[in-house]
Amino acid sequence: MDIRFEQVDFTYQPNTPFEQHALFDINLTIKDGSYSAIVGHTGSGKSTLLQHLNALVKPTKGTVTIGDRVITPETDNKNLKPIRKKVGIVFQFPEAQLFEETVAKDIAFGPQNFGASEEEGRKLAEEMLGLVGMDESYLDRSPFELSGGQMRRVAIAGVLAMEPEVLVLDEPTAGLDPQGRKEMMEMFQHLHENRGMTIVLVTHLMDDVANYADQVFVMEKGQVIKTGKPSDVFQDTQWLKKKQLGVPTAAAFAEKLSEKGFSTDQLPLTANQLADQILNAKAGEAQ
């Protein structure tokens, strides 16, 4: 299922003294099965764009096409519920949205709201807990007895229980330690590779973009100012620095090595790419 924006503008509280333009002439396509990253500073419009992905808000101008549904400023708010089943959004600190007395009930809440039976909801809860790396022993525990990382996994399992085609992640590793962040990102990669899920990642961590995404959209002041593969976007490190965006760690390290004579045709974006280039350079010296 593709999601396509065509000439999309969005304004908060239009025609009031509090009117605020948030998006300007957005044109982009998130292709079915892709892993897309959206980056930009706070206030660049990332969160507003996310809310269009499952019609939480409608464009003030232009069209958003979600699968076979076309959302325009005139679209009736009724009958948008099925879109929210197809596109699941994991907001920042999703554990704050937990509220049921057991893990199983919290995960099953969404599916049951869409008509699943209690038994079907329980079965989904078991399956989704496994997907997020937790076993059945957690089903009847209170989510509020769990660690912060476990609570986040339960909240994500609740989104996955809706069996979405697209999973939207808004800074999903915020507040986690390095190991927790690594495990979380590997979990999303597993969903992408093994279940064919389309992933949309909003992050300020350029290493995650370099390691996982196949396309990146750079936003600034409500506009998309650059689009491309990470391997293309991250080559222009001077542009990234000018925009005060981060540079992947491997690319930054390779730039420092270049000051000492290490040369490469293309900046490495990941640790593995950097290691391969160094080994190749050493092999060339030995010949």
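Me: Which residues lie nearest the centre of the largest pocket?
Reply: In this predicted model, I89, Q97, G158, V159 and M162 lie nearest the centre, and 24 residues line the largest pocket. Here a pocket is an open set of points on a 1 Å grid over the protein atoms alone, where a 1.4 Å probe fits, with protein on both sides within 12 Å along at least five of seven lines, and lining residues have an atom within 4 Å of a point. Because the model is predicted, local features need pLDDT of at least 70 and side-chain atom pairs pLDDT 80 or more, while totals for chains, interfaces and linings use all residues. Residues are numbered from 1 along each chain as its sequence is written, and side-chain values use heavy atoms, without hydrogens and water.

Me: How much space lies in the largest pocket, and which element gives the most to its lining?
Reply: The space in the largest pocket is about 590 Å³, and α3 gives the most to the lining, with 5 residues. Two or more residues come from each of α2 (81-86), β6 (87-90), α3 (103-113) and α5, where helices (H or I, at least four residues) and strands (E, at least two) are DSSP runs numbered from the N terminus.

Me: What classes do those lining residues fall into?
Reply: The lining of the largest pocket has 15 nonpolar, 6 polar and 3 charged residues, with Ala, Val, Leu, Ile, Met, Phe, Trp, Tyr, Cys and Pro taken as nonpolar, Asp, Glu, Lys and Arg as charged, and the others, Gly among them, as polar.

Me: And what about the second largest pocket, how is its lining divided?
Reply: That lining has 3 nonpolar, 13 polar and 4 charged residues. H41, T42, G43, K46 and S47 lie nearest the centre of the second largest pocket, out of 20 lining residues, and β2 (20-30) and α1 (46-53) each supply at least two.

Me: New topic: at what angle do α5 and α6 cross?
Reply: The axes of α5 (residues 148-160) and α6 (residues 178-195), which are lines fitted to C-alpha atoms over the stretch in contact, with angles from 0 to 180 degrees between N-to-C directions, come within 12 Å and cross at roughly 15 degrees. Therefore α5 is roughly parallel to α6, as angles under 35 degrees count as roughly parallel, over 145 as roughly antiparallel, 65 to 115 as roughly perpendicular and the rest as oblique.

Me: Which residues meet there?
Reply: From α5, R152, R153, I156 and L160 meet E183, M184, M187, F188 and L191 of α6, where contact means heavy atoms within 4.5 Å. By class, this contact has 6 nonpolar, no polar and 3 charged residues.

Notes. Points joined across faces, edges and corners; volume = space filled by probe spheres on them.
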